[in-house]
Amino acid sequence: MRRAARLIVSLPAVLALVGARPKQLTGQATTNRPIVVASKPFGESYLLCEMFAQLLESRGYTVERKPGLGATEIAFRALRSGAIDVYPEYTGTGLVAVLHDSLSDSVAADARAVFSHVAREFEQRYGLRWLPPLGFQNTYAIAVTRKTADRYNLRTLSDLARESPHLTAGFTADFIGRSDGLVGLSRVYGIHPRGVRPLAPAVKYQALAAGAVDVIDGYSTDGLLAKYDLITLVDDRHFFPPYEAAALVRSDFARRQPGAIATLTLLSDKLDEMTMRRLNRRVEVDGADVKTVAADELTALGLVSAGTARYGQRETSSESAAGFASYLWGRRATLATLTVRHLELVAIALLAAVLIAIPLGLLLERGRAVAEPVIGGLGVLQTIPSIALLAFMIPLLGVGVVPALVALWLYALYPIARGTYSGVRDADPDAVAAAEALGTTPMQRLMWVRLPLAAPVIMAGVRTAAVITVGAATLAAFIGAGGLGEPIVAGLALADTRMILSGALPAALLALVVDGVLAIVERAVAPAHRRTALWRKR
Amino acid sequence: MPSSLVARNVFQRFGNVVALDDVSIDVAAGSATALVGESGSGKTTLLRCFNRLTEPERGEVLVGDRDVRGQDVIPLRRGIGYVQQHGGLIPHWRVLRNVALVPTLLSATDADAKAGDALELVGLPADQFGSRFPHELSGGQRQRVALARSVAAKPDVILLDEPFGALDAISRADLQTSFDQLRRQLNVTTLLVTHDLAEAARLADDVVVMRSGKIEQRGPMRRLVSAPATEYVARLIEQARASLEGLLA
């Protein structure tokens with residue numbers, strides 16, 4: 001009662017604070033909805049996203065961050081659907097991966113011409129606006145170790161084409177499939193490696209350094225190129241289009257929030273390639289915190305006054321177990337929040353799945369002719385990779401918690417429906433037949449005989465679904481739903497093993513705990529005669 | 001007064017197989033009839049017509065002079081005792097609750113007392129066996145419980161489908177004796193399916209020999225032995241002679 005009273009008293013104050021803050025500072029922010037700033041899942045994109053966010057915050061805007069939201073396809077769809085408002089994109093990517101346009105060689109080689117073309121087409125086709133470029137290009141860089149370069153005498157991509165039958169490539173899945181990636185390289189240069197391994201961005205450089213692959217794709221501003229002393233091969237036929245970085249926003253957002261657009265445009269032409277490589281190196285190689293690096297640079301550029309944007313601590317990169325433990329301890333509050341969010345996602349998806357799949361299983365038992373096709377259909381859903389399923393959700397449901405819940409729910413349906421159907425179908429046929437012959441109604445047979453006997457099988461299905469859901473929920477972070485996947489996604493992008501583990505270990509632990517708790521429930525719902533058998537242990 | 005059982009010109013097919021081909025039998029109120037024959041002869045199908053587990057395509061089936069088709073199936077079944085080969089006890093219910101099933105369905109206020117009485121009749125006192133689970137009993141005891149369950153609500157008809165078929169010889173003989181006493185004591189009309197001629201001779205007043213959905217011969221076992229109507233009946237009797245001799249002496 002007292003608490004409620006206090007809430008009511010303080011509510012107007014809170015509202016005043018929330019409503020007034022942007023107005024006081026800028027005089028033009030008109031909505032309480034935060035500006036949603038997102039990025040693709042790699043270090044530079046994180047950094048630019050953070051710089052956008054801090055810059056906007058310094059001018060009084062409320063910002064929601066969705067760093068590492070997803071690759072081009074996901075980020076682009078999220079922007080179009082209005083789920084996010086801005087993310088950093090590259091003109092070359094827009095040209096090739098989104099527009100699928102091919103320009104004449106003279107135009108394609110000219111960065112300004114490409115920018116005008118992409119800007120015009122995006123406005124017309126998608127209602128999206130490219131803000132003026134940030135000042136650097138981040139094109140693809142095909143890299144080899146110094147040793148490989150010396151041994152095969154490699155300097156250009158034409159050299160690589162000559163030697164490619166002797167070399168194994170480790171490329172990101174993205175690069176392998178794109179026409180401005182391996183497909184085009186093979187066509188234009190005749191590059192045909194002996195083998196091509198799809199590698200996650202986080203492990204590419206390690207794989208190259210360890211000699212597991214000979215050639216990798218990177219970005220020309222990658223900090224890791226310098227760390228591993230790699231040779232970038234010259235694009236002597238100008239195959240790669242210009243990749244100028246710029247903020248990409250929705251046109252209607254630009255019209256509604258001219259102040260925010262003006263703020264973001266402050267960064268235009270401020271970041272050159274040298275600067276970007278230095279910043280990336282701090283994040284990727286030195287392990288500095290993205291927020292710190294962003295704040296430092298914004299301060300150095302004079303866009304934010306010193307001291308106003310001070311985030312986080314620079315992190316030490318101790319590799320010892322004690323170092324990891326203290327790292328986890330230092331992040332305990334964050335991890336607790338992420339764990340709670342993770343559990344919320346799992347609990348809601350699982351509960352919804354139980355509420356639908358158990359009645360569905362019972363219904364199918366009554367109509368067995370359609371049972372196998374329906375359950376088989378649910379089974380097919382299981383074979384869709386989680387990341388693909390999450391991507392399908394974006395045009396329908398945007399990004400965030402809702403599409404993640406729907407995807408997790410779809411995954412949980414199969415084991416529960418299957419367990420219910422076969423559990424009820426196979427429940428002691430003699431007992432069911434006798435109960436029928438003695439005058440029980442179908443509902444009585446279900447409630448008295450079949451369901452109690454099927455309970456352990458149903459619970460086994462629920463347990464399986466729960467463990468699957470705990471695992472799949474880590475991928476929800478890719479579409480901005482949060483949870484323990486957040487440090488995993490960020491760690492993958494930043495090649496930070498410790499950060500990956502800080503999400504992966506709690507997630508694994510959570511799976512064990514959830515399974516253990518449900519094992520107790522399973523024992524509790526076991527039919528009476530089995531329970532006694534269990535206690536007595538025969 | 002127990003009910004009689006009558007089937008007239010009953011015909012039933014499963015796919016292309018004729019299970020009952022124009023079969024007629026009648027069981028006088030309070031008497032016992034055994035249906036014998038090999039697997040697939042149609043004896044179980046005929047038995048199941050009386051509680052509408054099988055709905056024949058043609059013909060009339062009467063219990064206590066009333067056509068079963070005109071009746072609601074649920075109360076019909078609650079009024080007829082039923083025992084199957086594998087007792088079909090509900091495994092997570094204790095013995096007393098299993099036996100109280102039909103009285104409970106009929107909303108009897110003293111369902112547990114009725115179940116206790118029935119258990120007493122089959123030689124399993126409730127205070128000793130009532131709180132056990134089926135899996136804690138022997139096979140013979142489980143069939144006794146199934147028998148108790150079928151008579152707990154005092155039905156005037158009882159249908160038995162190979163009730164002792166899965167038991168060892170000693171349990172089987174014990175149970176046959178118990179059942180014979182029980183049905184006379186309760187004065188219940190009995191229809192029994194068995195492939196064991198000795199069992200039929202011991203428990204039934206009349207025996208019906210079935211083959212391929214038709215009746216080969218019906219009458220007291222004594223008459224079947226002395227005057228088999230068909231060669232099939234004669235062969236059946238010949239095979240079972242050793243076990244029948246003591247009974248008919």
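Trainee: Which strands form the open sheet of chain B, and in what order?

Mentor: Strands of a sheet pair through backbone hydrogen bonds, either parallel or antiparallel. Here six strands form an open sheet in chain B, in the order β6-β7-β8-β3-β9-β10, and the pairing is mixed. Strands are DSSP runs of E with at least two residues, helices are runs of H or I with at least four, and both are numbered from the N terminus; two strands pair if DSSP finds at least two bridges between them. Because β6 (80-84) and β10 (214-219) of chain B stand at the edges with a single partner strand each, one side of each has no neighbour in the sheet.

This is a predicted model, in which local features need pLDDT of at least 70 and side-chain atom pairs count only at pLDDT 80 or more, while totals for chains, interfaces and linings use all residues. Residues are numbered from 1 along each chain as its sequence is written, and chains are lettered from A and ligands numbered from 1 in the order in which they are written.

Trainee: In which sense do β6(B) and β7(B) pair?

Mentor: They pair in the parallel sense over five bridges, β7 of chain B being residues 157-161, and Val83(B) has Leu160(B) as its bridge partner.

Trainee: How many residues of chain B are in contact with chain A?

Mentor: 19 residues of chain B are in contact with 19 of chain A, where contact asks that C-beta atoms, placed from the backbone, lie within 7 Å. On the side of chain B that touches chain A, α2 (73-78), β6 and α4 (101-105) of chain B each supply at least two residues, and α2(B) gives the most, with four.

Notes:
Two residues are in contact if their C-beta atoms, placed from the backbone, lie within 7 Å.
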